[in-house]
Amino acid sequence: MRHGSLRLAAPLFLVLFLTAPVMAATVTVEIRRATLDNTGDVIGTVTINETEYGLLFVPNLRGLEAGVHGFHVHENGQCGPGPDASTGEMIPAGAAGSHWDPTKAGRHGSPWTNDGHKGDLPPLYVAQDGSSTTPVLAPRIKSISEIAGKSLMIHEGGDNFSDSPKPNGGGGGRIACGTIGR
């Protein structure tokens, strides 16, 4: 009798296992204010979800200046101070390096076309109360594994998706950063 139950249970388990929904990968990134002494307060998190349309970045942030901010994946998974690539001057979150550019495009561009850095994300919107909860979709990035070990950066000011009139979208300094886990 026991073996008969096992014979029935095994196929049922197999059917349930094979028809279970595939769980998409998710990672949550702690975001800290970028400072020269690397002691910035935690201002919230950004949860990154894999979707069939690309990665979805879901912020849960507070304490930011209202408006639109440049939002990018940077090449290094470090958020400490480091040298500015053009001046050599120490800047907050400079250790994160430049925008992630695995295809060596060498230019800032739109998150929806293939002619710029792959780390160029849609802008981050911050409400009047300093909170940011509006999700951002990055259609060019398909898997969290592509960006694991890199950093997520929030810049002062907006992003024009161009290197003109100023490089890297014309946004300002690095104001917050988090390391994307593996």
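Before anything else I wrote down the burial scale: buried means under 20% relative accessible area, exposed means over 50%, and partly exposed is in between (1.4 Å probe, protein chains only). I'm working with a predicted model, where local features need pLDDT of at least 70, side-chain atom pairs count only at pLDDT 80 or more, and totals for chains, interfaces and linings use all residues. Residues are numbered from 1 along each chain as its sequence is written, and side-chain values use heavy atoms, with hydrogens and water left out.

**Entry: the fold in outline.** I found two helices and 11 strands in the chain. Both kinds are DSSP runs numbered from the N terminus (helices are H or I, at least four residues; strands are E, at least two). Reading from the N terminus, I get α-β-β-β-β-β-β-β-β-β-α-β-β.

Entry: The chain has 182 residues, and 39% of them count as buried.

**Entry: the disulfide.** Which cysteines does the disulfide join? I looked for cysteine sulfur atoms within 2.5 Å of each other, and the structure holds one such link. The partners are C79 and C177, with 2.0 Å from S to S. C79 sits in the loop between β5 (71-74) and β6 (82-83) and C177 in strand β11 (residues 174-179), so the pair ties together parts that are 98 residues apart in sequence. The link is left-handed, at -65 degrees about the S-S bond. Both C79 and C177 are buried.

**Entry: salt bridges.** I counted two, taking a side-chain nitrogen of Lys or Arg within 4 Å of a carboxyl oxygen of Asp or Glu.

One of them pairs E30 with R32, whose closest N and O atoms are 3.4 Å apart. E30 is partly exposed at 42% relative accessibility, and R32 is partly exposed at 39%.

E146 and K118 also meet in a salt bridge, at 2.6 Å from N to O. E146 lies in helix α2 (residues 144-147) and K118 in the loop between β7 (90-91) and β8 (124-126), so this pair ties together parts 28 residues apart in sequence. Is K118 buried or exposed? K118 is buried, with a relative accessible area of 17%, while E146 is partly exposed at 24%.
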